[in-house]
Amino acid sequence: MSMGPPKLRTSSAAPKQQVQQHQPSSPFSNDPTDQDEHSSRGSPIPWETRPSSKLGRAVSSVSGTGITSSFSQRTPARSFNHYAPHGPLEPTSYSSQGVRDQTAELASWALSDPNSLRTGASEYRQPSTSDLRGSEAWLGRSSRSSISEGLWDPMDPLSLARHDTIQEVSEPVSPAQKSSPSQTPLQSSALTDMLRNSPPQKYSDEQQAQSFPDIVVEGADAENANEQTPLIGNGQTNGNHPAQYSSKNDLEGQAAVKRRRLDRLYKFLPDAKRHGMSAFRTATNPKLWTPHSLWYEAILPTVQTIPSVILGLLLNILDALSYGFILFPLGTEIFSETGPDGIAIFYVSCIVSQLVYSCGGSIFKGGVGSEMIEVVPFFHKMAYMIMATMGTSNPDAVRATVISSYALSSILTGIVFYALGAFKLGTLVNFFPRSILTGCIGGVGLFLVLTGVEVSARLDGNLDASRKTLEKLFSADTIILWILPLLLAIVLLIIRYLKDHPAIVLGYFFGITILFYIVVAAVPSLTVMTMRQSGWIFEAPASGVPFYHFYSYYKWNLIDWKAMSQTIPTMFALTLFGILHVPINVPALGVAVKEDDVNINRELRAHGWSNALSGCLGSIQNYLVYTNSVLFINTGGNSRVAGCLLALATCGVWIAGPEIIGFIPVMIVGTLIYMLGIELVIEALWDTRTKVQRLEYCIILAIVLIMGFYDFVAGIFAGVALACLNYVVQTSRKSAIRANFSGAVAESTVRRHPVQRRYLHEVGRQTCVVKLAGYLFFGTIVEVENKTRALIEEEAFRKRPIRYLVLDFTHVTGLDFSAAEAFTRMNRILHRRNVEMILSGVVLGDDIEKSLKMVGILNESADEDAALPPKVFEDLNKALESCENELLITFKQRTDMLAQKQAVHTQSVAVPQPGSSSASSSTTALHPTDSIVYSSPRRTHLQQAATSTLNEPNVLPPSKWSHFQQPLPLILQTFQDLTEHNEDFWHRVVPFFTRKELPAGTVLYSRGDEPDGFYLLQEGILRADYDWEQGRYSESIVAGTTCGELPFFAETDRSATVAAEKDCVAWLLTRARWRELEERQPEVARELLKIGLKLTSERMAAITSYVLVAAG
């Protein structure tokens, strides 16, 4: 199917919605000058005015062929205030209006009568008084500086947006569509149309209707059906059956299936529905109870999971003895007997979480749920806060309030978990710094180590640095109680470091227990009673205490809600810490067990159900334990049956009661707590020493120490504050300056006249391009401001005087108020040196433009001495083109001045020939005003560059060329630096070119077309758009340059789409005439081919340079 030419933008104006008409007003120049540069303000030099504001621009054009001027009128914001500007700010518009017209006019000037370059008979005229719109504007501060500097800032009006834009041509109709007699309705989708009309070459709609009859029977009534009712009916379907479709329905217009109420539950428990229904059908159908099915589907899978269930049960028991036993602060008198109750609460939490995960809540069939070890320090803090508020006079009320706050925090955690999963915010927690979580893990580890000392030493309170506590710890009968478990934990860690296996931990603790009772039995003086009294064995629970004893603590009439409300911040801190585990443990577990369908949101919802249900049943938080799950799955527990059996076994241990507690050695629990604590401290402080930077490691260490010795909530908030500080410091080290270039390197994509290119290369270093990147805030903007100050320092400015500072925002993602204010300061600093700030890559209406607008940098101040707002361009190319145009206007001015001096000199001396010493001397003779002009380094450089360029050999075309008929003068000027042949050689190619007038909007050729000719542009401007898979690129082709030479000579397809932006006059060498030229004038054809290769080399170098600069 043929493709039509793409729609081409023929205007460089801003988007249509931003084009506004403004009434013309008095012009204001934009180029303030130094105090010593006022000598030329009265010279009759054509100049351009700058608008009083860049926020809206209108036009005041100088009649004739002079360069267009633009300006506008608006009410300035006089009383700007940060964050609250008085009155609405006018919308910003790009400063690129008119730049393209200016480029075309400068190119035409370069091809004008060569005598004008000598005699000063330029096509520009001095503006009249009416053009200046008043003498005050002519003698204003900005206009004086523009004249003295020799630089103009012409801007095109918004009203110049053309209305002759090329209309978009609809895609041609394919043959298949032509053969179809019917048209597709607009509301039908492309897929539907394709399915309807496929295969179009075989069947038409009528043929399809004849070949494939509609099988839908009309008039069938499902409600009044009888024996004679057709089996295949038509009409509306009910909600229990899928929608029916005929050939006339839209295949993508499927009706929404009505969702049943239990679908959400089935979505949450997808496997539970399938396995449950299968088990129910099997259990209720005795015919399926065959020995083979019972063995392979019931008995054998259950037996194979027994080893993993036993391992999981032992792990639950060890965890219950370690941190389930210390759920309450046992060192206080109120909670001294609550160790068995903490174990029972731990078992309930394990059972609930295990059932939720194993019944389909989690993708991991063998996932093991257990209590969060990190909740223990938070629970102790909540208990102490409640006791500090309520006192200890009513133990039942304190216990009721504490245990209720535990359960309430679990419900709160479940709600947050489920909300994150339901709203698909699972990735949100990834924005929480990992260093804070690592520090919290280390803080929990330090807390467990200290708790291990408390439990092992049987202290009557918290471990503190008081003299009484220290004397108790280091007394002869106590030091062995907490030192021995510490040594046993260290030995176990060393063994696991050398050989890590799940059986090692179980065997180690069983061996210690057996060895302990062997020693007790071997020593006659030691008995279980004496060991219990000396603190080696836990006190036996009171007889007759049921396994559900902790429920007796829930006495709703005794709860102090005021005291509980004070623990709410700690609850949220616990919730925040708890939700960080899922995004870390779940993906890691998926990698470990090779589960590829992990969904964080689903796991969050499962955690929400398990925690909320656990809290409703009077228990505490739980989560999917990574280590236990890996061990359980690797030993054969990767099934939901195994998980349910583990929950059943844990329930049996819970029902068995806490009597076993009275025979467990304290050193076993102490060793467990020490081991867990030391492992967490090693993970936080030792394993990260080579993985994080020094500042980040200091943050982790600070969090560990604050949590371990002061307060857990304070540790989390301190970690957040330190992480923010670390982010500021680390980000500030990253330079916001991506790259910087001079104008000699960073050039626009405009194909300019060779003389203009030569001049721009000489003066390009007066343009400084600074490419910014990243998010600019108070930490990174300092470097940008220092760079700006360094450019205009006295010594640096003397060596490299700059005129334009282009700040490119293409790679900037945003900026804060401090950065926006810094740009305002930079604009004022540059204004003192008469350096113009230009902003490129700013998208109108985005956050960057709004931030700049809010601080007033884009608004003109009412103060006459204030800096004018910087110009704003949509991309770097437009900004560079504008700078080059203003520099070329200075070149034009210098050319006229030298031509005027040469004309005066010819009154007494014969006219010198170009390139002679007399011409050089006359050209370089100082004008009477040059003595003051040269006091400015920047202007000195401009005039020296102009003089040097004009004095180079073969720069000024001979005067006789003006008498030649086109296209010979055009050929001679275009190929001047590319060939050594003269007009006698090139006049032979003139008959082969054809003159073409191209109205604005004409498409010369499109990408992929066969090359039909080679163009020489005499007037106007063309735009070439390269739309490739790698990106888009465009360049402007002005008068005095060529177009389409590479595909033409190489006989390859066109690589770009070229259209006329203005009315153009071009000379075309067609393919047929080229063949004729090769036959009649082979020497000229070969020379033209060489020139084409040289031009292609220049184009590739220019494109490569711009692409590298834009990407830099």
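This is a short tour of a predicted model, stop by stop.

**Stop 1: the nonpolar cores**

Select Y406, L448 and F550. These three have the most contacts inside the largest nonpolar core, which has 120 residues. Now keep L448 and show what surrounds it. Beyond its neighbours within four places in sequence, L448 is in contact with I326, I373, I673, L676, G677 and L680. Then move to C768, I802, A819 and I848. They are among the 36 residues of a second, separate core.

**Stop 2: the largest pocket**

Colour the lining by type. It divides into 25 nonpolar, five polar and nine charged residues.

Next, colour by helix. At least two lining residues come from each of α12 (306-324), α16 (434-457), α18 (476-498), α19 (502-522), α23 (582-592), α25 (626-637) and α27 (666-686). Which helix gives the most? It is α27, with eight residues.

**Stop 3: helix α23**

Stay with one of the lining helices, α23. Select V582, P583, N585, V586, L589 and G590; they are buried. Then step past the end of the helix. K594 follows α23 and has a positive phi, near 60°.

**Stop 4**

Go to the loop between α27 and α28 (694-709), and select T688. Is T688 buried or exposed? It is buried, because its relative accessible area is 10%, under the 20% cut-off. Its side chain reaches the backbone oxygen of A684 at 2.6 Å. Leaving out residues within four places in sequence, T688 is in contact with T438, E683, Y697 and I700.

**Stop 5: E785 in α31**

Finish at E785, in helix α31 (residues 781-791). This charged residue is buried, with a relative accessible area of 9%. What does the side chain of E785 join? A polar contact of 2.9 Å links it to the side chain of R825. Show the wider surroundings as well. Not counting residues up to four places away in sequence, E785 touches A822, R825 and M826.

Definitions and conventions:
Residues are numbered from 1 along each chain as its sequence is written. This is a predicted model: local features need pLDDT of at least 70, side-chain atom pairs count only at pLDDT 80 or more; totals for chains, interfaces and linings use all residues. Side-chain values use heavy atoms; hydrogens and water are left out. A nonpolar core is a set of buried Ala, Val, Leu, Ile, Met, Phe, Trp, Tyr and Cys residues joined through side-chain atoms within 4.5 Å. Buried means under 20% relative accessible area, exposed over 50%, partly exposed in between (1.4 Å probe, protein chains only). Contact means heavy atoms within 4.5 Å. Helices (H or I, at least four residues) and strands (E, at least two) are DSSP runs, numbered from the N terminus. A polar contact is a pair of N or O atoms within 3.5 Å; within protein, one must be able to donate a hydrogen and the other to accept it, and residues adjacent in sequence count only if both atoms are side-chain atoms.
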